[in-house]
Amino acid sequence: MVSYIIAKIISINKCSITVENNFVGYNILVNNKERFEIGKFRKIFLYKNISINSNKIVEEMFGFENYEQKELFLKLLQISGIGCKTSMQIISHGCELIKQLISNNDIEGLSKLKGISLKVAKSLCENIEHSETKSDEGNFAEAFKALLTLGYPQMDVQKALQAINTKQPDVSDIISDAIRWIAQCIS
């Protein structure tokens, strides 16, 4: 599965953007289209959803500005009754605000936000961890597992993670830096 792409913004539509990467165009649903500019290159984190609607297979690609948005989106999908569109609506209010309201167990504050009913607000507070984003250690552990899954030798992965900048907050950046480090050592 593709985690992210760096692509050129071709068009901005009602609730999506069209991007081009390696001569292939992708339609990506986003909740913040005003943050994209036609003609500019952007790193976009992706989630592909495949569902069946009226006996037809429907594929949708959702795009996020950063890994934190994607991570919150995926946590929201684990809650019964919350689908992709509702998750996009929720994260459109900003990850920090949503996390703060959840950590304060502020059901009333959550339910005042557009697209979040009282029932959904209660579910959010009951089901999402009351913690901030993963610590750097957690991100490195996640990157370690991902690199092993990609087939890199454990010894190379350990050396790479020790050698790269330990202040990288984003898992995908840690993985990218580690792959670059391993590639430099091999060549």
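Phe 45 and Tyr 67 are both buried (under 20% relative accessible area; exposed is over 50% and partly exposed in between, with a 1.4 Å probe and protein chains only). The model is predicted: local features need pLDDT of at least 70, side-chain atom pairs count only at pLDDT 80 or more, and totals for chains, interfaces and linings use all residues. Residues are numbered from 1 along each chain as its sequence is written, and side-chain values use heavy atoms, with hydrogens and water left out.

Across the whole structure, 5 aromatic pairs were found. Rings of Phe, Tyr and Trp (its six-membered ring) pair if their centres lie within 6.5 Å; planes under 30 degrees apart are stacked, over 60 edge-to-face, and the rest tilted. Phe 45 and Tyr 67 form an edge-to-face pair, with 6.2 Å centre to centre and 70° between the planes. Phe 45 belongs to strand β4 (residues 41-53) and Tyr 67 to helix α1 (residues 67-77), so this pair ties together parts 22 residues apart in sequence. Helices (H or I, at least four residues) and strands (E, at least two) are DSSP runs, numbered from the N terminus.

Phe 64 and Phe 73 make a tilted aromatic pair. Their centres are 4.8 Å apart, with 50° between the planes. Both Phe 64 and Phe 73 are buried. Together with Tyr 47 and Phe 62, they form one aromatic cluster. Elsewhere, Lys 43 lies over the face of Tyr 4, at 4.3 Å from the ring centre (a charge sits over a ring if NZ of Lys or CZ of Arg is within 6 Å of the ring centre and within 35 degrees of the ring normal).

The search of the whole structure also gave 8 salt bridges (a side-chain nitrogen of Lys or Arg within 4 Å of a carboxyl oxygen of Asp or Glu). Glu 59 and Lys 48 meet in one of 2.9 Å, N to O. This pair links distant parts of the chain: Glu 59 is in strand β5 (residues 56-64) and Lys 48 in strand β4, 11 residues apart. Lys 48 is partly exposed, at 39% relative accessible area.

A salt bridge of 3.1 Å, N to O, joins the side chains of Lys 99 and Glu 68. Lys 99 lies in helix α3 and Glu 68 in helix α1, so the pair ties together parts 31 residues apart in sequence. Lys 99 counts as buried at 12% relative accessibility, whereas Glu 68, at 23%, counts as partly exposed.

Glu 108 and Lys 112 meet in a salt bridge of 3.3 Å, N to O. Glu 108 is exposed at 53% relative accessible area. Lys 112 is exposed at 63%. Salt bridges with shared partners join Arg 35, Arg 42 and Glu 65 into one network.
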